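Good morning, colleagues. Please bring up the sequence and the model on your screens, and I shall take you through the spaces in this protein.

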Amino acid sequence: MSKSFVTHPLPSNAGPETRALDAGLVIDPATGAIAPNISMSVNNVLMPGDGAFSADGVEDLAALPYLYARWTNPTVRQLEQRLASIEGGEDALASATGMAAIAGMLLTLLKAGDHLIVSDVCYAGAAELTQRVLPDFGVEVTAVNMARLDLVEAAIRPNTRLIHCESPVNPILRIVDLKALSAIAARHGVLTSVDSTFATPVATRPLSLGVDLVIHSLTKFINGHGDALGGAVIGRKELVAQIRGRAGVYLGAALSAHSAWLIMRGIDTLYPRMRMASETALAVAEFLESHPQVERVIYPGLASHPQHALARRQMDVFGGMIGFRTRDPKATASRLAELLRVVHYAFSLGHQRSLVVLMDTEEMMASTYRLTGEALADYRAYAGDGLFRLSIGLETPADIIADLDQALTP
Ligand SMILES: *Cc1c(COP(=O)(O)O)cnc(C)c1O
């Protein structure tokens with residue numbers, strides 16, 4: 001940290017909403033500006049005594065001065081400190097996208113001959129990277145339904161290095177018992193990582209449950225405005241430093257200062273946004289459950305969710321993501337794309353505007369998951385022939401409900 005920047009001091013017992021605003025905040029020493037500066041400079045002048053001048057200075061990249069923005073940048077660093085604070089982690093690495101965070105973590109922690117256990121259903125990019133690309137580099141990969149902890153434990157081998165999952169799982173909203181999972185992993189000396197993009201720290205803090213690393217696509221609820229891509233890995237200092245040293249420096253997917261500034265602006269309102277989205281989502285889920293065109297609704301906050309009890313234990317709010325099914329999903333998708341006026345028919349999620357899209361089961365199996373037998377039957381129990389993934393935004397709740405009603409009703 002360069003001497004000319006001073007981090008705003010917070011009371012050590014500051015609550016989560018306060019930390020979402022002020023953790024890591026740097027008051028500009030020249031002007032006293034409270035809003036973070038966007039520091040676009042790629043490099044900063046070095047002073048004698050800055051770590052860059054000592055031979056072993058490069059060991060702790062987070063402590064380096066801002067010598068080059070692919071390694072660290074003052075605006076990105078403020079974001080990283082805020083992310084670490086709201087997840088309850090020692091440090092964070094921000095990256096250009098969520099996929100860059102996942103790829104960077106995997107390519108740092110795994111080498112040829114290692115074994116990875118990955119959730120059999122997860123973000124499509126993560127499923128394809130782990131199951132298609134990593135085996136080309138000599139990494140053994142087993143895909144497991146992580147709601148079945150007996151299957152996870154049975155899959156552990158002597159060379160298992162990492163267990164990677166999501167909770168709730170994209171797109172079927174299955175919940176993983178993170179405390180029990182990390183206890184099993186710890187017993188076998190295996191690291192755990194959780195992509196907590198759907199939950200956000202407002203719902204669940206995986207590090208407090210024993211997980212080693214939390215991943216986010218900052219593109220989703222954390223930025224929350226659909227106008228910046230970003231990703232993060234959060235956890236113990238030495239693990240994050242290892243990932244920064246390899247992935248941050250060699251893979252080159254550094255986050256731009258401009259995007260970091262937008263994402264910090266988004267985090268300012270993360271808590272009220274997630275609370276409102278969760279409250280609206282419950283009302284929409286209850287409405288959909290009573291709608292004659294809807295066959296099944298999957299929402300962790302509904303008593304009908306197969307893991308509702310676990311969701312109540314592990315989630316402080318139930319989040320903004322809903323899955324629902326109708327008869328003839330393709331025909332329904334056409335109706336929604338044509339008739340919706342408040343909700344938008346589009347990919348992505350976690351924005352201020354509500355979004356919905358069909359995840360067709362046959363297409364997802366062909367392109368991504370390739371499940372068979374019991375695993376396929378379990379996926380179908382959630383998704384049927386196709387699941388509509390609905391991301392609840394910040395519109396007037398009655399408008400979202402009326403819009404879905406008019407588009408769903410023939
Ligand atoms: C979107 C998403 C990602 C990928 O994030 P990008 O920022 O688009 O690279 C990873 N995991 C989950 C759960 C996501 O929803």
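This is a predicted model: local features need pLDDT of at least 70, side-chain atom pairs count only at pLDDT 80 or more; totals for chains, interfaces and linings use all residues.

Two or more lining residues come from each of α3, β8 (213-217), β13 (355-360) and α13 (361-369). Among these elements, α13 provides the largest share, namely 4 residues. In terms of class, the lining comprises 16 nonpolar, 9 polar and 6 charged residues.

Let us turn to the ligand itself. Which residues of its surroundings are the closest? They are G98, M99, D195, T219 and K220, out of 15 residues that surround the ligand. Helix α3, which spans residues 98-109, gives the most to this shell, with 3 residues. The shell is made up of 5 nonpolar, 7 polar and 3 charged residues.

I would now draw your attention to individual polar atoms. In the side chain of D195, an N or O atom is 2.6 Å from a nitrogen atom of the ligand. K220 places a polar side-chain atom 2.8 Å from an oxygen atom of the ligand. For N170, the corresponding distance from a polar side-chain atom to an oxygen atom of the ligand is 3.3 Å. How much of the ligand's accessible area does the protein cover? On its own the ligand has 380 Å² of such area, and the protein covers 93% of it.

The second largest pocket is our next stop. It holds about 240 Å³ of space. Its lining has 14 residues, and those closest to its centre are D120, A143, N145, L151 and A375. Both β5 (140-144) and α14 (373-383) contribute at least two residues to this lining, with the largest share, 3 residues, coming from α14. By class, the lining of the second largest pocket has 6 nonpolar, 3 polar and 5 charged residues.

How many cavities of 30 Å³ or more does a search of the whole structure find? The search returns 1 such cavity. The largest cavity has a volume of about 50 Å³, and the residues lining it include F221, R273, H351 and L394. That lining consists of 5 nonpolar, 5 polar and 1 charged residues.

Thank you for your attention.

Terms used. Residues are numbered from 1 along each chain as its sequence is written. Side-chain values use heavy atoms; hydrogens and water are left out. A residue is near a molecule or strand if one of its heavy atoms lies within 4 Å of it. A polar contact is a pair of N or O atoms within 3.5 Å; within protein, one must be able to donate a hydrogen and the other to accept it, and residues adjacent in sequence count only if both atoms are side-chain atoms. Accessible areas come from the Shrake-Rupley method with a 1.4 Å probe; for residues, only the protein chains shown count as cover. Ala, Val, Leu, Ile, Met, Phe, Trp, Tyr, Cys and Pro count as nonpolar, Asp, Glu, Lys and Arg as charged, and the others, Gly among them, as polar. On a 1 Å grid over the protein atoms alone, a cavity is a set of points where a 1.4 Å probe fits but cannot get out, and a pocket is an open set with protein on both sides within 12 Å along at least five of seven lines; lining residues have an atom within 4 Å of a point. Grid points are joined across faces, edges and corners, and a volume is the space filled by probe spheres set on the points.
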